[in-house]
Amino acid sequence: MKIEEHKSLEALTTLRACGTARYFCIVGNVSELSEALQFARAEGVPLHILGGGSNMLVGEFDGLLIKLNLCGMEWSDRGETVLVKVASGEGWDAFVEETVTRGLYGVENLSGIPGTVGAAPIQNIGAYGAEVKDVIHAVDVFDTGEMRVRTLTRSECRFGYRTSIFKTSEGKGLIVVAVTFLLAKTGTPNISYKDLTRRFGTRSPSSLSLGEVRRAVLAVRREKFPPLDGYGTAGSFFKNPIVTREVYERLAAAHPTLPAFPIPEGGVKLSLAWILDKALGLKGFRKGAVGLYEKQPLVLVNFGGATAAEVESFAKEIAERVREKIGIEIEWEVEKLS
Ligand code: EPU
């Protein structure tokens with residue numbers, strides 16, 4: 001295992017904002033991971049795990065950044081269902097494609113999301129009416145306190161909207177090394193999300209194949225998200241804000257068409273894309289090399305050459321404008337490392 005120093009991160013994150021890591025290494029198995037941790041301890045520096053780099057803004061990181069290259073998928077037939085254990089370094093969409101090829105239901109609506117399998121449970125990725133927590137059976141983690149691999153059940157992961165135990169102080173010492181999914185051999189696709197319903201017109205969900213659903217999701221994504229090869233982007237940069245019913249009612253009085261969804265965790269989730277677009281007129285707003293994408297303002301774009309500090313200051317300005325005009329706080333969906 002080779003430790004690189006002063007590694008430039010521009011090519012390692014999809015936002016492509018300039019930044020560096022004091023130390024960087026790629027690990028291919030758990031024993032290399034343990035070696036890397038010992039190096040960080042000996043040097044007295046913090047460490048951070050890089051998945052696909054698709055949800056991260058990295059400035060100057062004075063620690064060890066570890067790229068996990070753990071690979072492999074183990075499929076086991078359970079009759080009506082299939083359990084599949086996937087190593088965390090596998091690409092998320094390659095895994096989804098494989099499930100669709102095998103005719104297994106559960107992750108087809110999550111087609112086209114960039115990043116690795118190991119990153120999926122951390123922020124409980126979700127799209128088009130599906131969240132990954134609903135098909136996660138267990139998560140294997142390397143516990144940096146105990147220096148061993150252990151398994152967390154789904155409930156131990158404490159999933160919520162774009163969150164999990166891995167985002168809390170309790171989960172900070174846990175590194176995801178594999179995720180086990182429970183997929184079904186039969187099912188009816190969920191096309192209830194507006195963009196999918198529109199696409200399929202009058203066709204009934206039960207007449208649709210998994211391949212058709214995957215292709216539709218990929219087509220919808222192509223319409224909304226900038227291509228990763230043409231722009232620096234990390235998907236949604238902010239989370240959709242969750243507010244109390246009282247706050248929602250106050251906002252709805254002023255903005256009657258504001259899309260809002262009551263959520264099981266409590267409160268009401270508001271559409272920040274709508275707020276940025278319709279209430280603040282910020283769709284396509286740009287400052288220098290950073291802007292909000294003209295087709296989906298929740299997506300922040302680096303048009304080329306932006307530094308992490310420029311991205312951060314742009315994001316702060318957006319949050320400030322939302323605070324002033326709407327009176328709510330917004331949080332980043334993207335993780336910041338510096
Ligand atoms: N809207 C506008 N103007 C726009 C775009 C959208 O007003 O330019 C309004 C529309 O009313 C639309 C609503 O905003 O119906 C919601 O937009 P969209 O369906 O694109 O979804 P979103 O809430 O903005 C979330 C996720 C995405 C996920 C989509 C689809 C978060 C932070 N984002 O976006 O996830 O792909 O739903 O399910 O929850 C990500 O997390 O990185 C991500 C891309």
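Author: Start with β3 and β5 (residues 60-68): these strands pair in the parallel sense over four bridges. Strands are DSSP runs of E with at least two residues, helices are runs of H or I with at least four, and both are numbered from the N terminus. Two strands pair if DSSP finds at least two bridges between them. Look for His48, whose bridge partner in β5 is Leu65. Keep in mind that this is a predicted model, where local features need pLDDT of at least 70 and side-chain atom pairs need 80 or more, while totals for chains, interfaces and linings use all residues. Residues are numbered from 1 along each chain as its sequence is written, and side-chain values use heavy atoms, with hydrogens and water left out.

Reader: What is the order of the strands in the open sheet of four?

Author: The order is β1-β2-β5-β3, and the pairing is mixed. β1 (4-8) and β3 (47-50) are at the edges with a single partner strand each, so one side of each has no neighbour in the sheet.

Reader: Which strands form the open sheet of three?

Author: That one runs β14-β16-β15, with antiparallel pairing. Its edge strands, β14 (242-243) and β15 (260-262), each pair on one side only. Three bridges join β15 to β16 (residues 268-270), and Phe261 has Lys269 as its bridge partner in β16.

Reader: On to the ligand. How many residues surround the ligand?

Author: A residue counts as near a molecule if one of its heavy atoms lies within 4 Å of it. Here 28 residues surround the ligand, and Tyr128, Tyr161, Tyr193, Lys194 and Glu333 are the closest. α6 gives the largest share of this shell, four residues.

Reader: Why does the ligand lie between two domains?

Author: Domain bounds come from an automatic or database domain assignment. Domain 2 (73-223) and domain 3 (232-337) both give residues to the shell, so the ligand lies between them.

Reader: Which polar side-chain atom lies 2.8 Å from an oxygen atom of the ligand?

Author: For a polar contact, look for a pair of N or O atoms within 3.5 Å. A polar side-chain atom of Lys283 lies 2.8 Å from a ligand oxygen atom, and one of Lys224 lies 3.0 Å from a ligand oxygen atom. Backbone atoms matter here too: an N or O atom of the Tyr128 backbone is 2.7 Å from an oxygen atom of the ligand. On its own the ligand has 820 Å² of accessible area (Shrake-Rupley method, 1.4 Å probe), and the protein covers 87% of that.

Notes. Polar contact = N/O pair within 3.5 Å; in protein donor to acceptor, adjacent residues only side chain to side chain.
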